[in-house]
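Hi,

Here is the structure I promised to pass on.

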Amino acid sequence: MNKTIINFIATIVLAYILSLFLPWWSVMTAALATALFIPLKKSAVFFVPFLAIVLFWAVYSYLMSSGNDFTLAKRIAVLLPLGGNPYVLMLVTGIVGGLAAGIAAIFGKQISLILKSK
C-alpha cells in the first residue's frame, strides 16, 4: 500500500485508541507519532493527518450526537454563530481537530528530520 494511505489509516486508528484514554489532544499525539514513523513528503505531511482527523472527529461527533437526537449539538450551534445547524458544528469540530493534528504532524516531521541528520 501507499505510504499516504498507511499514514491516513494509522492516524485514525491511533487517534481512536488514544482517545479512549486521553483528552482531546490525543489526536495531536497520534498525528505526531505517525509523522515520525511513517514519513510523508511536502504538503502531504499536513494534509493527510488533517483529513484523517477531520473525518474521525466529524464521524465520531455525529455518532455521539445521534444518540440523543442532536440535542446538545443544536444548543451549542445556537450559541456559536452557526445558525443552530448541528451538522455545521460537527464540521467545525472536525476542522479544529484537523488543524491541531496537521500542525502536530509537521512538528513530528521536523523531529524526524533532526533525528535523521544526527
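Of the lining of the largest pocket, α3 gives the largest share, five residues. Bear in mind that this is a predicted model, where local features need pLDDT of at least 70, side-chain atom pairs count only at pLDDT 80 or more, and totals for chains, interfaces and linings use all residues. Residues are numbered from 1 along each chain as its sequence is written, and side-chain values use heavy atoms, with hydrogens and water left out.

A pocket here is an open set of points on a 1 Å grid over the protein atoms alone, where a 1.4 Å probe fits, with protein on both sides within 12 Å along at least five of seven lines; lining residues have an atom within 4 Å of a point. The largest one holds about 270 Å³ of space, a volume being the space filled by probe spheres set on the points. At least two lining residues come from each of α3, α4 (71–79) and α5. Among the lining residues are Trp57, Tyr60, Met64, Leu72, Ile76 and Thr93.

As for the overall fold, the chain has five helices and zero strands (DSSP runs: H or I of at least four residues for helices, E of at least two for strands, numbered from the N terminus). The C-alpha trace spans about 50 × 25 × 25 Å along its principal axes. Helix α5 (residues 86–117) has 32 residues and runs 47 Å from first C-alpha to last, close to the 46 Å expected (1.5 Å times one less than the number of residues). Its N-terminal end is capped by Asn85, with a side-chain oxygen 3.0 Å from the backbone nitrogen of Tyr87.

Buried residues, meaning those under 20% relative accessible area with a 1.4 Å probe and protein chains only, make up 36% of the 118 in the chain.

Two contact sets (heavy atoms within 4.5 Å), leaving out residues up to four places away in sequence: Ala104 touches Met28, Ala31 and Leu32, while Thr34 touches Asn7, Ala10, Thr11, Leu14 and Pro39. Thr34 sits in α2 (residues 26–37) and counts as buried because its relative accessibility is 5%.

Cheers

Methods
Buried means under 20% relative accessible area, exposed over 50%, partly exposed in between (1.4 Å probe, protein chains only). A polar contact is a pair of N or O atoms within 3.5 Å; within protein, one must be able to donate a hydrogen and the other to accept it, and residues adjacent in sequence count only if both atoms are side-chain atoms.
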